[in-house]
Amino acid sequence: MIKVFIDSSVMISAAISKTGASRELLVQGFQGKYYLSASSLVFEETMHNVVDHAVAAMPALKELRGKLPLKIVKPSKGKILMVAKFIEWKDAPIVAGALAAKADYLVTLDKQHLLSQNDLIQEKFNLTVISPGDFLHRAKLA
């Protein structure tokens, strides 16, 4: 089964909108099509951002979180420091979380920091960083 690590941007997007690739990815995760994982940091970041910017999405976020068959990982400080040698410090815990989860894909909407670093992350860590829509398209073709 494909192992997918989801970023807070995906969780937030899925909570805000009942349509779209982020929500569809989570729904397919509910159905067992993908093995979903996230880190405790992802949930902390998600809650913080929803409270600060989209409080109306809080009920949907809590509902999604309750339904998600997620593996929650906590990357070691050593793994985070190792990743930070190659990518920006603030993004290292996310990539390290995906590595700790042994994910095949890190699914995110963060174009500026994570998606733009896909080639480097793929080369250094054998981890594909991809948007929810691109992931669903690729998975459909597989």
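I call a residue buried when its relative accessible area is under 20%, exposed when over 50%, and partly exposed in between, with a 1.4 Å probe and protein chains only. I take helices (H or I, at least four residues) and strands (E, at least two) as DSSP runs, numbered from the N terminus.

**Entry 1. The model.** I noted that this is a predicted model, in which local features need pLDDT of at least 70 and side-chain atom pairs count only at pLDDT 80 or more, while totals for chains, interfaces and linings use all residues. I number residues from 1 along each chain as its sequence is written, and side-chain values use heavy atoms, with hydrogens and water left out.

**Entry 2. Helix H6.** I looked up helix H6, which spans residues 92-100. Eight of its nine residues are buried, so the helix is largely enclosed by the rest of the structure. Which residues of H6 are buried? I listed Ala92, Pro93, Ile94, Val95, Ala96, Gly97, Ala98 and Leu99.

**Entry 3. A salt bridge.** I searched for salt bridges, each a side-chain nitrogen of Lys or Arg within 4 Å of a carboxyl oxygen of Asp or Glu. Side chains of opposite charge can pair when their charged atoms come close. By this rule I found one salt bridge. It joins the side chains of Lys90 and Asp91, at 3.2 Å from N to O. Are these two partners buried or exposed? Asp91 is buried, because its relative accessible area is 4%. Lys90 counts as partly exposed, because its relative accessibility is 48%.

**Entry 4. Positive phi angles.** I looked up Lys102, which lies in the loop between H6 and E4. Its phi is near 55°, a positive value in a residue other than glycine. Lys102 counts as exposed, because its relative accessibility is 59%. I next looked up Asn126, in the loop between H7 and strand E5 (128-130). Asn126 has a positive phi of about 55°, although it is not a glycine. Asn126 is exposed, because its relative accessible area is 61%.

**Entry 5. Glu63.** Where does Glu63 lie? I found Glu63 in helix H4, residues 58-67. Glu63 counts as partly exposed, because its relative accessibility is 48%. I also noted that the C-alpha atoms of Glu63 and Ala15 are separated by 8.7 Å, while the two residues are 48 apart along the chain.
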